[in-house]
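Q: Please go through the labels attached to this structure one at a time, and set each value against the definition behind it.

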Amino acid sequence: MMGDMTSIHDLSHAPAPTAETTEPQDVSHATVTSGTGWTRSTWLLLVVLCGALFLDGLDISMVGVALPSIGADLELAPSTLQWIVSGYVLGYGGLLLLGGRSSDLLGRRRVFLGAVLVFGLASVVSAVLSDPTALIALRFVKGVAAAFTVPAGLSIITTTFAEGPARNRALSIYTVCGASGFSLGLVFGGLLTELGWRATFLLPGPVALLLAAAGWRLVPRVAAQEHIRLRDFDLLGAVSVTGALLLAVYAVVEAPSRGWTSPVTLGSFAVAAALAATFVVTELRHPAPLVRLGILRSVHLVHANLSGAAMFGAYAAFQFLVTIYLQSSLGWSPLAMALGFLPAGLLVVASSTKIDRVLDRFGTQRLIAVGLTAFVLAYALFLRVQPGASYWAFLLPTMLLLGFGFALTFPSINSQATAGVADHEQGLASGLVNTSVQVGGAAMMAVVTAIIGSAAADGGEPVPGELLPGMVTGVAVVVGLVVLAAIGSWVVVARMARSARVEQRDTFLAAERARVDA
């Protein structure tokens, strides 16, 4: 999934965390000030950091391809199957800000290596499990590990590579690795699922353990902050918001089978609302909150977060529906399905090193609006799907438009989310938009799962070679979401243009008055 790529476009301007003040003991990793002539040890360090991010994208993409095989082998209904993705996404999105805080307080080396090690061990163990509950729990653990790995790895980059050409080059490589992990994950997922879905769970394990072993020698050693207090982590804030998200998704997914007015459904929603309220109160009162709520007064930041949630939420739901349709209904092999989705990822990878110039020329608001409009067209075109339609007619146009939309929208959202934010809150702004992206994915997957669950409850049984019951309705909801997001973005563009005209007029009138007075 695209949303697993971290928000790093503008973080090259964020200051290094101040919690760790001791210089690296390994002088080979002293701050790199040049964009060229890097030493072998510098390149190896970057390989370790990029490898961890690559694995995050690779893992979620591979597992997405394997979902129908997992469901068939373990006899899981879609309502349970979606938790294999949602568990990871909610663990990642819910605890990402805590991961960044822990990196500052405990030491970025310690957090990075520990999280990569947990990620690897969880991968190996999950590959031999058959109990759905244990499998989902380990997916959540892997998401939590990613929530700690990503901010710690990015912090290592920003403190190792000096601001300017060196850091820009390192972050550019880092970005490409994130995008490549998703794209290659589709191919690897297709190939490995042909051998068995367990291979998709196993592959990241040994690689992560090798990265942890290499990182032990390569990641600079620095001192953690002294006199750490438990309250510095804002654990209540992290637990309450993650619990609220998990319960809300659970309530939506289970409602079709239990009933929307059942005590379990209503109780889950009520507890989720109480936990969300607890999070807000905690953040308002905590001396060092995970989220300073005042940052949400920024219209541009809120626009970026809502656009990110809609962008990834729509895609996550669409991919979930279409993956099941192609493999379970049409009988496509996992590899054929992966190759069918691949054009979108390739467009993102191809554009990742050139998008900066487009951003500078057209601005983030316009590119977000254009990208979301491309999503509207992509998903609306898919509504033409009919049994027996060729790939070139019903899926390829959608994939090309999705690739174009992601190429414009994803970096623009990341850039806009941190633009104009004070230096000391750059990390918060970046973590917040990443969280919004993941939460949007989990929420929309829950919605479409509820839709197809309701269709099944009404007697709609999947028929080989036919559309999935409720699939068209699910895709229509996806279209509706991105239509609202696109309209909102074009409104922002119009307001921006009007403000620019007013500012230009005021500047002209002020100049005229000054000329007359002279």
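**Labels and their cut-offs**

Q: What makes P78, S79, Q82, V253 and F320 contacts of T449?
A: With neighbours within four places in sequence left aside, T449 is in contact with P78, S79, Q82, V253 and F320, where contact means heavy atoms within 4.5 Å. The model is a predicted one, in which local features need pLDDT of at least 70 and side-chain atom pairs count only at pLDDT 80 or more, while totals for chains, interfaces and linings use all residues. Residues are numbered from 1 along each chain as its sequence is written, and side-chain values use heavy atoms, with hydrogens and water left out.

Q: Is T449 buried or exposed, and how do you know?
A: T449, which lies in helix 16 (residues 426-457), has a relative accessible area of 2% and is therefore buried. Helices themselves are DSSP runs of H or I with at least four residues, numbered from the N terminus.

Q: Why does Q327 count as buried?
A: Q327, a residue of helix 10, counts as buried because its relative accessibility is 11%. Not counting residues up to four places away in sequence, Q327 touches V65, P68, S69, W332, S333, P334 and M337. Helix 10 as a whole is mostly covered, with 26 of its 31 residues buried.

Q: How do you know that the span of helix 10 is close to the expected one?
A: From its first C-alpha to its last, helix 10 (residues 299-329) reaches 44 Å, close to the 45 Å expected at 1.5 Å a residue. The expected span is 1.5 Å times one less than the number of residues, and helix 10 has 31 of them.

Q: What is the label for E75, and what is the label for D234, on the scale of accessible area?
A: E75 has a relative accessible area of 71% and is therefore exposed, whereas D234, at 2%, is buried. E75 lies in the loop between helix 1 and helix 2 (78-106), and D234 lies in the loop between helix 7 (204-218) and helix 8 (235-258). Phi of E75 is near 55 degrees, a positive value in a residue other than glycine, and D234 has a positive phi of about 55 degrees although it is not a glycine. Most residues other than glycine have a negative phi.

Q: What makes a set of residues a nonpolar core, and which have the most contacts inside the largest one?
A: A nonpolar core is a set of buried Ala, Val, Leu, Ile, Met, Phe, Trp, Tyr and Cys residues joined through side-chain atoms within 4.5 Å. The largest has 138 residues, and those with the most contacts inside it are I70, I84, F112, Y379, F382 and L402. Helix 1 supplies the largest share of this core, 17 residues.

Q: Why is the second largest cavity called a cavity, and which residues line it?
A: A cavity is a set of points on a 1 Å grid over the protein atoms alone where a 1.4 Å probe fits but cannot get out, and lining residues have an atom within 4 Å of a point. The lining here consists of A52, L55, D56, V116, F119, T149 and A208, and helix 1 gives the most to this lining, with three residues.

Key: 1 Å grid on protein atoms, 1.4 Å probe; cavity = no way out; pocket = protein on both sides within 12 Å on 5 of 7 lines; lining within 4 Å. Helix = DSSP H or I, 4+ residues; strand = E, 2+ residues; numbered from the N terminus. Buried < 20%, exposed > 50% of the residue type's maximum accessible area, 1.4 Å probe, protein only.
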